[in-house]
Amino acid sequence: MKDRENVKKLNIFFGVIVVIFIVLGLRLFQLQVVQADAYAHLSDKNKFRITSIAARRGNIYDRNKEVLATSKPVFTISLTGGEIEEKESVAALMAEILQDPEITQESILQSLEDQSRRYEPVVIKRLPYDEGIQMVSRIEEKREDLPGVVIREEPMRYYPQGELAGHIIGTVGLINQEELETLEEYNYGRNDWIGKTGLEKTFERFEQGNKEIGLRGKHGADQVEVNAKHQPVSTWSHKDPIPGNSLMLTIDAKLQSVMETSIEETLLRLQKQRPKAKAGAGVLIDVKTGAILAMASAPYLNPNDFANGLSPDKVSYYWDEKLKPTFNRAIAGTYPPGSTFKPMTGLAALASGEISPLDTVYCGPSNWAKPRARCTGTHGNVNLYRAMAVSCNTYFQEMGQRIGIDQLHKTGQELGLGQLTGIELPGEATGLLPSKEWKEASFTGWESTWRIYDTYFMSMGQGYNLYTPLQLANYVATIANGGTRMKPYLVDKIISSDGETVLTEFQPTVAGKVDATDQMIDEIKKAMRAVTEPGGTAYSLFKDFPSSIGVAAKTGTAQTGLPGDDNSKDYHGVFVAFAPYDDPEVAFAGLMEYGYHGGSSAGLVAKAVFEEYFKLKRQPIPDTLPSSME
């Protein structure tokens, strides 16, 4: 009986074994025969990875091929976490090894979570080549505990001149989600670094026809085989990245350096008496072509600070709401021009056909009754030349009254004031050239009517006038070249990555003409020349210049018009000039916030830049200049 029960149990056991083997056999048949192709494909997906190889951005050169922006090698530490079971422990160990307060287990896991492309590595950190060697060694020591961690050598943006021309060149940064969604059709990925400001942004993917010829290169790719720990073991195919194309600028690095150094030195000198004088800007432009030779904005910006992500110790500097180092004052700062507007008023008066340069106006207390503004001195009878030389408010207010706001606005438009110049940089401000129509649209009630005092203040460069230093430079360049307004530009040409081929060249472009005769314009130039001759407000600046390099100029002291400022002492210093007088080549405009007198602030920058441009012996900045300089 007992034997019979044991045999029965044994038969049941063997029956179960047979069923199991039948099921396994059928499953094996299904996997290996019926679904062989599908699982082979899945196996290949698990076995192979496509990894992107970053391309070098194109270089940026000055006009003499001096390198302003290039790339240098760095180590990138990435993590592929789409199918790694141990990603929590890997993230914790990576955070421990990297010892970076910005990189935690949570931040690494969040980056993996945000990665929409399952098999694309997420860059955790980039390390400069020299200091990265030691970190790479530490990671390799823990390699068995770090499945999915990949270390590659990639290019990182580098600016060998530091802060030189920083606002012009611009910055790069890691692409954000909004940019990724906008640019995804152009094959941008989550780990890409793109131009954020300046020329880096404008020429990120510059197009000519249907072809991209900008700074951005084309990524390469590797198809790699990985092991069970998702570590590369071999490369099956490789596609080289293609470097981006390079820019050659109109900027002269030496002139740019002199301008930046001079602005910094002048601000430091001003701060001894005027603590608020901490910012300024300057522009030097070729009057015949519109090419920008130097353009600076202080406080300065070093693009290297952004090339690997802004460090915590730099954040407080760059986001200072008072200093605003990221703000390009040369193209985006709008300021009252002060008396540097008077050549415009003079030209408008002559262009009206109603005024002769020899017509005189009496400047004395009897002419200062409101609504007129007081003059800086009692000048007696003055004509155009004398009025420009001593910056007589009375004369130019009288000219404004005689010709009216419509003529002032017409000539201002022809000179490019209150309108975009079209410079290649993002963020250019329009400024404001006021008119009757503008005031009617901007105010209500009695305030919307243009009054005679509006004309008085506009004529002498105050009131509603607001212009950028670039607009001021271009307006003076237009006078200097005889009345042809050129479009300012910064990029001379785009060249191939190997430097052998010019892909496109940017030509000078005429933007407009002034409705005035050559003789009228020559009279304004003659009046501006009087500013640097004995008795003129800028005589002290250029008295030692050789006669062959005569300078024509205009000084300016402009009330800031800002809330909380003291109208009796808070003035911006503004200065415009061109040279040589007989055959103008370059024009300058500069502004020192809270610099007070233009001649003793921005004028010093003009002097230093002209000395460098004309290869004259540099004269040291004096500790003090005559207080009468406007």
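Colleague: Leaving aside its neighbours within four places in sequence, which residues is N59 in contact with?

Modeller: N59 is in contact with A69, T70, S71, R157, L215, N245, S246 and L247. Contact here means heavy atoms within 4.5 Å. This is a predicted model, in which local features need pLDDT of at least 70, side-chain atom pairs count only at pLDDT 80 or more, and totals for chains, interfaces and linings use all residues. Residues are numbered from 1 along each chain as its sequence is written, and side-chain values use heavy atoms, with hydrogens and water left out.

Colleague: Why is N59 called buried?

Modeller: Buried means under 20% relative accessible area, exposed means over 50%, and partly exposed is in between, with a 1.4 Å probe and protein chains only. N59 has 12% relative accessibility, so N59 counts as buried. Its place is in the loop between β1 (48-53) and β2 (60-61); helices (H or I, at least four residues) and strands (E, at least two) are DSSP runs, numbered from the N terminus.

Colleague: What is the mean pLDDT of the protein, and where does pLDDT stay under 50?

Modeller: pLDDT is the predictor's confidence in each residue, from 0 to 100. The mean is 89, and 86% of the residues reach 70 or more. Over residues 38-45 pLDDT stays under 50, and the model has three contacts there beyond four places in sequence. Where pLDDT is low, the predicted coordinates should not be read in detail.

Colleague: What makes E140 and R143 a salt bridge?

Modeller: A salt bridge is a side-chain nitrogen of Lys or Arg within 4 Å of a carboxyl oxygen of Asp or Glu. The closest N and O atoms of E140 and R143 are 3.1 Å apart, so by that definition the pair qualifies. A search of the whole structure finds 25 salt bridges.

Colleague: Are E140 and R143 buried or partly exposed?

Modeller: E140 has a relative accessible area of 40%, so it is partly exposed. R143 has 15%, so it is buried.

Colleague: Which parts of the chain does the salt bridge between K288 and D583 link?

Modeller: K288 and D583 form a salt bridge with the closest N and O atoms 3.6 Å apart. The pair links distant parts of the chain: K288 is in the loop between β13 (280-286) and β14 (292-298), and D583 is in the loop between β22 (571-579) and β23 (586-592), 295 residues apart. K288 is partly exposed, because its relative accessibility is 45%. D583 is also partly exposed, because its relative accessible area is 49%.

Colleague: Where do K607 and E611 lie?

Modeller: Both lie in helix α20 (residues 602-613), four residues apart, about one turn of the helix. An α-helix has 3.6 residues a turn, so residues three or four places apart point the same way. The side chains of K607 and E611 meet in a salt bridge, at 2.9 Å from N to O, and both residues are buried. Salt bridges that share partners also join R57, R157, E200 and E204 into one network.

Colleague: Which residues touch the most other members of the largest nonpolar core?

Modeller: A nonpolar core is a set of buried Ala, Val, Leu, Ile, Met, Phe, Trp, Tyr and Cys residues joined through side-chain atoms within 4.5 Å. The largest has 119 residues, of which L284, F575 and F610 touch the most other members. Helix α17 (residues 469-480) gives the largest share of this core, eight residues. Apart from it lies another core of 20 residues, among them V90, A91, M94 and V136.

Colleague: Which residues of helix α16 are buried, and what covers them?

Modeller: In α16 (residues 452-459), D454, T455, Y456, M458 and S459 are buried. Their cover includes α12 (342-351), α14 (393-414) and α15 (436-442).

Colleague: Why is I452 called partly exposed?

Modeller: I452, in helix α16, has a relative accessible area of 39%, so it is partly exposed.

Colleague: What share of the 630 residues is buried?

Modeller: Buried residues make up 52% of them.
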